[in-house]
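Biologist: I would like a close look at a single part of this model. Please take it element by element, with the cut-offs stated.

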Amino acid sequence: MKKRNKWMIYTLAASLLAAPLAISFPGQQAEAAAKAKYTVSPQAFSIEGAKKAIKTINLHGTTYIALRDLSNGIGLGIGFDKATQVVKVTGKNRVLEINLNATSFKLNDQLLWGPQLVVQDNTTYLPMRFILEQMGYLVGYDSSTKLIALKAVQENDVKIGAKEIGADGDGRSLLVYYPVLSGLADRGVQQTINTFLKEEADKHVAAGAKEIGLVAEENNNILDKDPNATVRQPSFDGRFTVTYNEKGKLSLYVDYDVYLGGAHGMIARVPYTFDLSTGKVLTLKEVANNNANYVSMINNKVKEQIKERKLELLNPFTSIEADRDFFLNRNGVVIYFTQYEYTPYAAGMPEFTIPYSAFQ
């Protein structure tokens, strides 16, 4: 069975972890940032070969960039609704909405886990890599000229929007976003992919709703006996990330986060890679150029990277499955470890990129 069908197994570990949960709220971060006064410095950029100075702030070692200056420099549209305090950045088949009051972010109608933002002297600053990667740009640095180079990614002509499935109440919370394609030249292929993604979302939502429903029912029984009892509301959350949208292929993954009342939730990552000319979901062997030795080649690369990064493993890594879950990025095929599979929870989901050239 592939790991994408095993996400409910992970919920058992989540339910067994009962330590107190500490939460950092974005609003609190924004309030702290608003009280501080940061030094603004002009940074030299090379934008598609043209030099331009843009205002930046260094915050905890991260370069924050003035949103309006950046947008004007690379040709993105930017607007601000004073009444709602929403900044809207548009371009490259994307609409990024930034709610300054709520410190929340939406990209093509999907809520994002966004970073801390800084508003200073009526200027909004965001982490440079966050805003650029969300809007489809590459970031590089030339140490000899000390220029930060920005270049637009040559993406497929398709827009990836989002639709929402939500159901709150009765002591539980469920919110899942799934991708929806539009603008693809072949409408038949577009419909095939959209139908598949909707069916996948419905399947995972049904399973997640069942899991949190059982916990909510138990919580309600506890409260019926003792209205003053403390219970934790279970939740099921799904967000997707597009990792590659070039050369006729589209790769993305959905992270399903289920929380059943323990110290933290557990995430099951479900990836998909499509051939946009046919609508077919590609296999690991196919993206590995149908190389007969792709499993051993990937194993060797993963082992090399484990050693280089000095990763501490809970159990030895020997081999991937022939149909191992994966996704693509600009640099290659990405294999990842799921939570607790080989590493402690704090390690997250370590990723290993195998260059496309390795399979040629």
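Which residue takes a positive phi just after α3, and of about how many degrees?

Modeller: The residue is G75, with a positive phi of about 85 degrees. First, the ground rules. This is a predicted model, where local features need pLDDT of at least 70, side-chain atom pairs count only at pLDDT 80 or more, and totals for chains, interfaces and linings use all residues. Residues are numbered from 1 along each chain as its sequence is written, and side-chain values use heavy atoms, with hydrogens and water left out.

Start with the helix. α3 covers residues 67-74 (helices are DSSP runs of H or I, at least four residues; strands are runs of E, at least two; both are numbered from the N terminus). L67, L70, S71 and I74 of α3 are buried (under 20% relative accessible area; exposed is over 50%, partly exposed in between; 1.4 Å probe, protein chains only). Viewed down the axis of α3, these buried residues fall within an arc of 95 degrees, so they line one face of the helix (the arc is that of the directions from the helix axis to the C-beta atoms). An α-helix has 3.6 residues a turn, so residues three or four places apart point the same way. G75, with its positive phi, comes just after α3.

Now the strands. β4 (residues 77-81) pairs with β5 (residues 86-91) in the antiparallel sense, over 5 bridges (two strands pair if DSSP finds at least two bridges between them). G77 has T90 of β5 as its bridge partner. The hairpin of β4 and β5 has 4 residues between the strands, and Q85 there takes a positive phi near 60 degrees.

β5 also pairs with β6. The two strands run antiparallel and are joined by 6 bridges, with β6 covering residues 94-99. V89 has L96 of β6 as its bridge partner. This hairpin leaves 2 residues between β5 and β6, and K92 in the turn has a positive phi of about 55 degrees. K92 also has an aromatic neighbour: it lies over the face of Y137, at 5.7 Å from the ring centre (the rule is NZ of Lys or CZ of Arg within 6 Å of the ring centre and within 35 degrees of the ring normal).

There is another such charge and ring elsewhere. R269 lies over the face of Y336, at 5.5 Å from the ring centre. Both R269 and Y336 touch F327, whose contacts also include T243, Y253 and E351, not counting residues up to four places away in sequence (contact means heavy atoms within 4.5 Å). F327 sits in strand β18. F327 counts as buried, at 3% relative accessibility. Opposite F327 stands V334 in β19.

That pairing belongs to a sheet. β18 and β19 (residues 332-336) pair antiparallel over 3 bridges. The sheet is open, with 3 strands in the order β18-β19-β20 and antiparallel pairing. Its edge strands are β18 (327-329) and β20 (351-355), each pairing on one side only. From one strand to the next the twist averages 35 degrees. Helix α7 (residues 294-309) packs on this sheet, touching β19 and β20, and its direction makes about 125 degrees with that of β20 (axes are lines fitted to C-alpha atoms, for helices over the stretch in contact, and angles run from 0 to 180 degrees between N-to-C directions).
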